[in-house]
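Take the sequence and the model together. Start from a single residue, then widen the view to the whole chain.

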Amino acid sequence: MRAAKESCVATKRTRRTKTKRDTAQRPRAARKPALRAHRLAPDVRPGEVDVRVEVDPQSSSAFRGEVVHRLQLDRRRRSIELHADDLVLSGALVECGGRKLPGRIVRHPERETVEIRLAESLPPGAATLRLAFRGKLRGDLRGLYAASAGERRYAFTQLEAPDARRFFPCFDEPALKARFKISVTTASGNTVLSNNPVEKIEPLGRGRKTVHFRRTPPLSTYLLALAVGELVASEPVHCGDTEIRVWHVPGKERLTAFGLDAARETLARLEAYFDLPYPYEKLDLVAVPDFEAGAMENAGAVFFRETLLLVDPESATLSEKKRAAEVICHELAHMWYGDLVTMAWWDDLWLNEAFATWMAFHVVDAWKPEWKMWNDFQHHRAAALGLDALAETHPIYVKVRTPNEATQNFDLITYEKGASVVRMIERFLGAETFREGVRRYIRAHQEANAVAADLWSALAEASGQDVEPVVRAWIEQAGFPLLRLRRVERDGRSWLRFQQERFLSNPSARVNGALWPVPWVGRVAAGESTRTLRQLLTRRRGEIELPVRGPRFVYGNAEEGGFYRPLHDAGELAALAGALDALAPIERMGLIGHQWAAARAGHASVDGFLGLALAFTKERDPDVLVALRMPLELCARSAGRSLGAAAQAALRARVARAFEDAFAASGWEPAPRERDDDRLRRAALLALVGEVGEAPELIAEARARCEAFIADRRSLEPNLADAVVALAARGGDEALFERFLAASREAKTPQDQRRFLLGVGAFAEPALIARALELTLTDAVGTQDVALLLTRLVSNRAASEPAWAFWKRRWAKLRRRMPPMLVTRPIEALPALGTRAHRRDVAAFFRANPVATGARAVRQTLEQFDLNLAFDERVKGELGRWIGES
Ligand SMILES: [Zn+2]
């Protein structure tokens with residue numbers, strides 16, 4: 001799965017503190033009841049499963065079906081327990097050795113299971129369990145759910161993590177793989193898609209049919225897929241023998257070429273990487289009109305949000321294209337890593353997700369080197385470093401007892417930190433050795449399950465090195481190290497003295513004794529050129545001899561390949577600031593992030609950070625400019641909270657002054673045959689000068705450009721669209737609000753639809769904020785977008801207060817419109833509220849209204865509030881002086 005992404009400044013997690021009050025929240029959320037009961041008995045194993053479903057999304061919200069499980073019993077039993085939730089079951093019958101035994105159905109709602117109890121016991125060996133079931137198409141984008149596109153009605157599945165049990169009664173654990181034969185009865189006009197190709201279509205008369213699919217290879221239940229409704233397919237493209245199609249609701253035919261191209265190009269590279277052909281019979285990519293995640297790796301039938309699959313290459317921004325390609329490749333990597341070889345239990349979810357995330361950047365980078373995908377990854381990694389510096393973080397590997405715990409782990413730590421660690425290990429072992437280990441691992445466990453130790457041993461075999469102790473420290477310990485670096489000259493030679501400790505954002509937090517084996521790579525300037533230096537640092541402190549005497553500078557995390565923060569002393573920092581051009585762009589991005597984090601955590605001064613940030617006014621690389629935006633925005637907000645509106649305005653004006661010449665030189669209009677980098681740089685500068693700097697003339701110009709853009713999409717360089725829409729909304733009136741709504745309704749692409757819909761969350765006029773809030777409770781906003789629009793509103797400085805009041809007032813209704821994974825997004829944005837009183841209010845609210853899948857997000861949010869408040873207090877003198885002097 002790849003999460004839906006909403007990148008607002010305030011939703012990016014930064015640093016936080018832990019106080020005593022947090023523990024008041026903790027017991028309720030984290031108390032562990034006796035949960036072993038959530039695991040099924042290991043001695044009942046499904047082999048083949050036949051599922052027959054009757055579903056008519058156009059005429060009925062009900063569905064019904066029958067399931068036949070052919071089981072292998074390892075020991076004598078009088079009952080069989082399997083998962084089922086929100087389903088009505090009947091007709092339980094067990095066949096065994098020629099006998100037919102009716103079963104009594106006993107429900108265990110707290111375990112989301114049913115038990116089939118029999119009058120006599122079954123001997124070990126084969127048995128068949130037959131059950132009828134019925135249920136209602138759900139409204140929360142989980143299980144088998146209802147979705148619509150205009151007047152058309154659909155049913156889709158989304159079964160990860162544990163939602164197959166809400167579709168049909170099954171053995172809903174990843175290790176209980178079975179071979180599924182699915183048939184669906186529905187109206188003749190409906191398209192029906194599932195994991196495998198259709199075997200036959202059986203006409204039933206009266207406008208009905210049954211579609212029988214071929215039996216699947218062994219699959220975990222969470223990977224099953226069903227789509228029913230009016231869907232249209234593209235012409236197929238081929239990758240070797242594999243037919244690839246994009247499916248979508250009617251009317252989007254012209255948007256399929258990009259997705260097909262990305263799928264074919266990345267699938268070929270994945271086959272080469274794994275040295276194993278694509279493992280399923282066909283590949284359908286399905287654009288689902290209402291979908292919680294970004295995408296889901298159902299074997300042979302991958303489901304996507306429309307924004308991540310249906311792309312118009314002419315009008316899409318480059319970041320929309322890169323994101324779509326990355327997500328498509330991520331899902332295809334799962335066909336091997338996740339689907340063919342599956343984690344044995346949800347505690348190893350990272351095995352799936354960290355690897356697929358890393359693989360997607362690796363493969364798309366090979367396909368399109370000009371996209372510089374690792375610079376994109378650096379933004380994700382920066383967010384993961386921020387989250388992982390909290391006391392309330394978690395290790396990549398976590399014990400999982402309940403479905404809700406599994407759902408909470410689809411986060412930055414599992415994906416982005418996990419991928420960073422995979423990347424660090426790959427660089428440590430060497431790309432070819434690492435690939436050889438991965439190939440061994442996949443071959444050894446195909447069509448079965450694996451645990452982390454299986455991967456360590458495959459990597460150890462391939463490399464001849466004991467990889468496990470290095471990797472386990474990174475996977476099993478929460479947090480990451482701060483590496484303090486200081487150069488010393490001795491005996492006519494140069495040394496780098498290092499010392500590591502856990503990095504925590506809270507300056508007053510006690511640092512524990514954690515120690516990481518750091519596969520360290522540094523960049524050392526020798527004369528005009530630079531070279532890299534590698535060493536595995538296994539001790540808390542020590543010295544590394546440098547290969548050149550008195551180098552111009554040493555940078556402590558070459559290519560940002562390591563998941564740690566280097567902290568250079570003042571002298572080194574000055575040397576680096578004077579040699580920015582000698583660093584790679586990704587290292588300049590890293591330096592900004594590390595210095596900002598150091599300032600937040602009390603290891604460095606804020607004015608020092610601001611001085612460094614404003615030294616980038618001549619920066620050519622767009623990603624470096626993007627990396628400046630969030631820290632500068634957070635500085636401005638801090639100044640507003642601790643020093644008042646005038647100080648905030650002065651800081652913003654200073655940012656605008658620093659970058660306005662660079663924006664003016666770029667101009668609004670692209671030059672003929674302009675490079676992508678120059679287009680992206682213009683967009684990054686517009687965000688700095690307009691959104692952070694709030695330059696009035698730019699905001700006025702953005703309004704005019706936005707009006708023109710709505711009238712004619714070709715009037716604006718596409719990469720400017722997000723910033724222009726956001727800026728225009730800030731000063732926008734009711735007429736513009738109406739135009740946004742109309743533009744969203746009439747949009748020709750999913751990206752445009754989303755841009756204008758979420759854009760209504762950026763208005764500052766109180767009446768329009770109220771209207772945007774009310775929209776979240778109407779069908780004008782699809783279930784998939786409610787949490788994202790609410791996140792925009794909470795993050796919007798003008799709207800956060802009314803959004804929180806609305807949240808409290810309409811919680812019962814809002815809660816129903818925010819699926820379990822998405823509900824964490826607006827929770828994470830709540831620190832934008834800012835004050836101590838808000839912090840108390842938020843804590844009290846979630847004590848009274850706990851959110852099962854959001855418990856960790858609430859704890860992190862409270863920690864973030866505390867960190868912001870402590871930061872405001874600590875740096876207000878420094879910040880005030882800097883604003884006065886600059
Ligand atoms: Zn995934």
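Ser420 is in contact with Phe377, Arg381, Gly561 and Phe563, leaving aside its neighbours within four places in sequence. Contact here means heavy atoms within 4.5 Å. Ser420 sits in helix α7, residues 412-429. Helices (H or I, at least four residues) and strands (E, at least two) are DSSP runs, numbered from the N terminus. At 4% relative accessibility, Ser420 counts as buried. Buried means under 20% relative accessible area, exposed means over 50%, and partly exposed lies in between, with a 1.4 Å probe and protein chains only.

A word on the source. This is a predicted model, in which local features need pLDDT of at least 70 and side-chain atom pairs count only at pLDDT 80 or more, while totals for chains, interfaces and linings use all residues. Residues are numbered from 1 along each chain as its sequence is written, and side-chain values use heavy atoms, with hydrogens and water left out.

Helix α10 covers residues 468-476, and its buried residues are Val470, Val471, Ala473, Trp474 and Ile475. What covers them includes α4, α7, α9, β24 (481-490), β26 (518-526) and β27 (529-537).

Now turn to the aromatic rings. A pair of aromatic rings is described by the distance of the centres and the angle of the planes. Rings of Phe, Tyr and Trp (its six-membered ring) pair if their centres lie within 6.5 Å; planes under 30 degrees apart count as stacked, over 60 as edge-to-face and the rest as tilted. By this rule there are 40 aromatic pairs. Take Tyr145 and Phe156: their ring centres are 6.4 Å apart and their planes stand at 40 degrees, so this pair is tilted. Tyr145 lies in strand β9 (residues 143-149) and Phe156 in strand β10 (residues 152-158), 11 residues apart. Tyr145 is buried, with a relative accessible area of 0%. Phe156 is buried as well, with a relative accessible area of 0%.

How are the rings of Trp350 and Trp456 arranged? Their centres are 5.8 Å apart and their planes meet at 25 degrees, so the pair is stacked. Trp350 belongs to helix α4 (residues 349-367) and Trp456 to helix α9 (residues 452-463), so the pair ties together parts that are 106 residues apart in sequence. Trp350 is buried at a relative accessible area of 4%. Trp456 counts as buried at 5% relative accessibility. Ring pairs also build a cluster: they link Tyr273, Phe274, Tyr278, Tyr280, Trp336, Tyr337, Phe355, Trp358, Phe434 and Tyr441.

Next, the backbone. Most residues other than glycine have a negative phi, and most peptide bonds are trans. Glu112 has a positive phi of about 55 degrees although it is not a glycine. Its place is the loop between β6 (104-108) and β7 (113-122). Is Glu112 buried or exposed? Glu112 counts as buried, at 16% relative accessibility. Glu559, again not a glycine, has a positive phi of about 55 degrees. Glu559 lies in the loop between β29 (554-555) and β30 (565-568). With a relative accessible area of 33%, Glu559 is partly exposed. A cis peptide bond joins Glu160 and Ala161, with omega about 0 degrees. Ala161 is found in the loop between β10 and β11 (179-187).

Leaving aside neighbours within four places in sequence, Ile699 is in contact with Gly690, Glu694 and Leu727.

Finally, step back to the whole chain. The protein chain holds 27 helices and 30 strands. Its C-alpha trace spans about 90 × 70 × 55 Å along the principal axes. With 886 residues, a compact globule would have a radius of gyration near 29 Å; the chain has 28 Å, which agrees. That radius is taken over C-alpha atoms, and the globule rule is 2.2 Å times the number of residues to the power 0.38. Of the 886 residues, 63% count as buried. Among contacts between residues at least 6 apart in sequence, 73% join residues at least 24 apart.
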